[in-house]
Amino acid sequence: MGIVTPGFQGRARSADDKLPPGQYLVEDFPVLSAGPAPRVRLENWRFTVTTETGQKHEWTWADLKTLPSETPTVDIHCVTRWSKFGTSWRGVSLDTLLADVDTAADYVMAESHGGYTTNLPLEDLLDGQAWIAYEFEGEDLPAEHGGPARLLVPHLYFWKSAKWVKGLRLMLDDDLGFWEAAGYHSYGDPWREQRYQGD
């Protein structure tokens with residue numbers, strides 16, 4: 001005899017099913033940083049991809065704004081347990097920025113103004129999964145949320161979406177970024193509650 005009654009569908013899906021385990025929904029956008037927001041003048045802003053061989057690919061602010069942009073609407077999840085649904089961004093896909101970069105790397109270290117770093121697998125930045133975002137909800141991205149530009153990798157905990165991003169260093173081997181060296185998880189999948197090393 002079967003355990004489940006034929007035709008049983010389970011409970012109806014609700015908005016709560018969009019929340020990873022251990023998260024709660026917020027309507028505002030909390031500001032969390034390890035230090036003060038650096039102020040970066042747009043005329044001085046550069047985004048640099050450095051390959052494992054030291055080859056550099058660089059874009060100015062004007063260069064970035066001339067590239068094709070996308071407008072992803074995504075849910076974001078902070079390691080401190082808040083989630084925000086349906087956030088709207090504008091930015092340049094990492095697929096576009098890395099299209100002409102020749103690399104054998106499997107890992108990336110995102111580097112930010114102010115010294116912040118975070119490590120990610122390169123594959124998590126490709127195939128429409130990540131952007132260099134410069135607008136939030138139709139407005140220029142404010143400094144407290146990572147402006148003028150931040151990395152946006154919404155399928156991972158939000159500390160992986162480095163604020164004030166200035167470049168990516170491509171690596172053959174993984175290394176630990178700022179929070180990862182302090183005990184945060186190296187990958188940070190919110191659906192697996194990978195908050196800390198060992199989770």
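Helices (H or I, at least four residues) and strands (E, at least two) are DSSP runs, numbered from the N terminus. By this definition, Glu137 is found in the loop between strand β8 (131–136) and strand β9. The structure is a predicted model, in which local features need pLDDT of at least 70, side-chain atom pairs count only at pLDDT 80 or more, and totals for chains, interfaces and linings use all residues. Residues are numbered from 1 along each chain as its sequence is written, and side-chain values use heavy atoms, with hydrogens and water left out.

**Confidence**
- The mean pLDDT of the chain (the predictor's confidence in each residue, from 0 to 100) is 91, and 90% of the residues reach 70 or more.
- Over residues 1–14, however, the pLDDT is below 50, and this stretch has 2 contacts (heavy atoms within 4.5 Å) in the model beyond near neighbours in sequence.

**Overall fold**
- The chain contains 3 helices and 11 strands.
- Read from the N terminus, the order of elements is β-β-β-α-β-β-α-β-β-β-β-β-β-α.
- Of the contacts between residues at least 6 apart in sequence, 66% join residues at least 24 apart.
- The C-alpha atoms fill a box of roughly 65 × 35 × 35 Å, taken along the principal axes.
- Of the 199 residues, 46% count as buried, where buried means under 20% relative accessible area, exposed over 50%, and partly exposed in between (1.4 Å probe, protein chains only).

**Thr87**
- Thr87 has its place in strand β5 (residues 82–93).
- Thr87 counts as buried because its relative accessible area is 0%.
- Leaving aside neighbours within four places in sequence, Thr87 is in contact with Pro72, Thr73, Val74, Ile76, Phe136 and Glu137.
- Thr87 and Leu32 are 55 residues apart in sequence and, from C-alpha to C-alpha, 17 Å apart in space.

**Backbone features in loops**
- Glu137, one of the contacts of Thr87, has a positive phi of about 50° although it is not a glycine.
- The relative accessible area of Glu137 is 41%, so this residue is partly exposed.
- Trp164, in the loop between β10 and β11 (165–171), also has a positive phi of about 50° and is not a glycine.
- Trp164 is buried, because its relative accessible area is 8%.
- The peptide bond from Gly147 to Pro148 is cis, with omega near 15°; Pro148 lies in the loop between β9 (139–140) and β10 (150–152).
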